[in-house]
Amino acid sequence: MAVEPEAKKSRVELREGIVLGMGNPLLDISATVDKDFLDKYGLDANNAILADEKHQPLYKEMVDKFNVEYIPGGATQNSMRVAQWLLGKDAKTTSFMGCIGKDEFGKILSKKATEAGVNVNYLIHEKEPTGTCAVCITGKHRSLVANLAAANCYKKESHLDKPENWAFVEKAQYVYISGFFLTVSPDSIVKIGKHAAEKDKLFMMNLSAPFLCQAFKKPMMEALPYVDILFGNESEAAVFAKEQDFGTEDVKEIAKKMAELTKVNGSRQRIVVITQGKEPTIVIKDGKVTEYPIIPIKEEDIVDTNGAGDAFVGGFISQLAQGKPIDECVRCGHYAANYMIQQSGVTMTQLPNFS
């Protein structure tokens, strides 16, 4: 049966493992830092990068100098946790694949995700430690510095190709992979994308960060033909447009052009969803542009913008998996993002009240 984003709820069986996420499981080391700290490591106030050699001392300095908090993270895993939170943790609707180390951080990640109701299926690396992400908070902004470590060791042939693991893909009807996984296992993304196209499942991806649209443009464009729903924000869209020579800086036009790029599964047109912070979210569906205003929030109520994009995707997917229309998916995405920016990190301390 073809999966239609606008399907009625009665046509969709909300069952165990219907949503699968694949990405880089990381333990967030979160702290409020100062501008001098950002400047020392060449960090922008609101950006996401991969750690290189000069960033290696950063993690210890954060722990030594600031009041840090350890929070389970990684973009896709965050989205799965949020989706499961909204669907009810006992439903076990979501699954997640990635690579962690055989260490205490890995145990924490597994425990937290499982407690949230996400069925984790990790490849466990014997030597590399579990990946970490420095979340450097300044005011309402955050700079993310990911040290992938074990997360960078995910191998298709070591995990995805094995029948017991591929069974998670077979079981899923909706698959979401963040763009960050392009740096780790693009062949896994393409394999799952091909499967989704052949079985008429819904395959989703996120641009995730401006640098991915540049440094990992080739694997991104190899995966894109399989993408049914593409997420991103205005900064990522601008860089993507420049790299693809779209010849426009208008976000709506960029989103239209993204939707029109080559697509393998012709049974439905690509949907493009671009968030813009405080500005309305732009959605391209069937060539039509729709703008969705966000939920207003007072500046003083914003605690931490870290994870707002991950939460939006989680909220969106939670409704999509129930066969809700795109309007409802976006509305729940805005609800989840609004909730998350009032928390420190991607933490769900209350039951959701979305209705």
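I count two strands as paired if DSSP finds at least two bridges between them. With that settled, I opened the model, which is predicted.

**Entry 1: the five-strand sheet**

I looked up the strand order first. Five strands form an open sheet, E3-E8-E7-E2-E4, and the pairing is mixed. Which strands stand at the edges? They are E3 (47-50) and E4 (69-73). Each has a single partner strand, so one side of each is left without a neighbour in the sheet. Neighbouring strands here are turned by 25° against each other on average, direction ignored.

I followed one pair in detail. Strand E2 (residues 26-32) pairs with E4 over five bridges, in the antiparallel sense. I picked Leu26 and looked for its bridge partner in E4; the partner is Gly73.

**Entry 2: the nine-strand sheet**

Next I traced the other open sheet. It has nine strands in the order E6-E5-E1-E9-E10-E11-E12-E13-E14, again with mixed pairing. Its edge strands are E6 (119-125) and E14 (288-292), and each pairs on one side only.

I checked a parallel pair. Strand E1 (residues 19-22) and strand E5 (residues 94-101) run parallel and are joined by four bridges. Met22 stands opposite Met97 in E5.

Which helices pack on this sheet? I noted two. Helix H3 (residues 75-87) touches E1, E5, E6 and strand E9 (174-178). The direction of H3 makes about 145° with that of E5. Helix H12 (residues 308-320) also packs on the sheet. H12 touches E1, E9, E10 (202-206), E11 (229-233), E12 (271-276) and E13 (279-285). Its direction makes about 155° with that of E11.

**Entry 3: the E13-E14 hairpin**

E13 and E14 run antiparallel and are joined by five bridges. Ile282 stands opposite Glu291 in E14. The hairpin has two residues between the strands. Which residue there takes a positive phi? It is Asp286, near 55°. Asp286 lies in the loop between E13 and E14, and it is not a glycine. I flagged the value because most residues other than glycine have a negative phi.

I noted a second case. Lys92 is also a residue other than glycine with a positive phi, near 50°. I located Lys92 in the loop between H3 and E5. Is Lys92 buried or partly exposed? At 41% relative accessibility, Lys92 counts as partly exposed.

I started with Met205, which lies in strand E10. Its relative accessible area is 0%, so Met205 counts as buried. I listed its contacts, leaving aside neighbours within four places in sequence. They are Tyr176, Ile177, Ser178, Gly179, Leu182, Ile189, Met220, Ala223, Val227, Ile229, Leu230 and Phe231. I took the distance to one of them, Leu182. Met205 and Leu182 are 23 residues apart in sequence and 10 Å apart in space, C-alpha to C-alpha.

Then I turned to Asn206, also found in strand E10. Is Asn206 buried or exposed? Asn206 has a relative accessible area of 10%, so it counts as buried. I looked for a side-chain partner and found Tyr176. A polar contact of 3.0 Å joins the side chains of Asn206 and Tyr176. Not counting residues up to four places away in sequence, Asn206 touches Tyr176, Ile177, Ser178, Gly179, Phe231, Gly232, Glu236 and Val313.

**Entry 4: helices H10 and H11**

Last, I looked at a helix pair. Two packed helices are described by the angle between their axes and the distance between the axes. Helix H10 (residues 234-243) and helix H11 (residues 251-260) pack at about 65°, with their axes 10 Å apart. Is the crossing left-handed or right-handed? The crossing of H10 and H11 is left-handed.

I listed the contact residues. H10 contributes Glu234, Ala237, Ala238, Phe240 and Ala241. H11 contributes Val251, Ile254 and Met258. I sorted the residues of this contact by type: seven are nonpolar, none is polar and one is charged.

Notes:
Residues numbered from 1 in each chain as written. Predicted model: local features only at pLDDT ≥ 70, side-chain atom pairs only at ≥ 80, totals over all residues. Heavy atoms only, no water. Axes fitted to C-alpha atoms, helices over the stretch in contact; angles between N-to-C directions. Left-handed = near helix turned anticlockwise from the far one by under 90°. Contact = heavy atoms within 4.5 Å. Nonpolar A, V, L, I, M, F, W, Y, C, P; charged D, E, K, R; others polar. Buried < 20%, exposed > 50% of the residue type's maximum accessible area, 1.4 Å probe, protein only. Polar contact = N/O pair within 3.5 Å; in protein donor to acceptor, adjacent residues only side chain to side chain.
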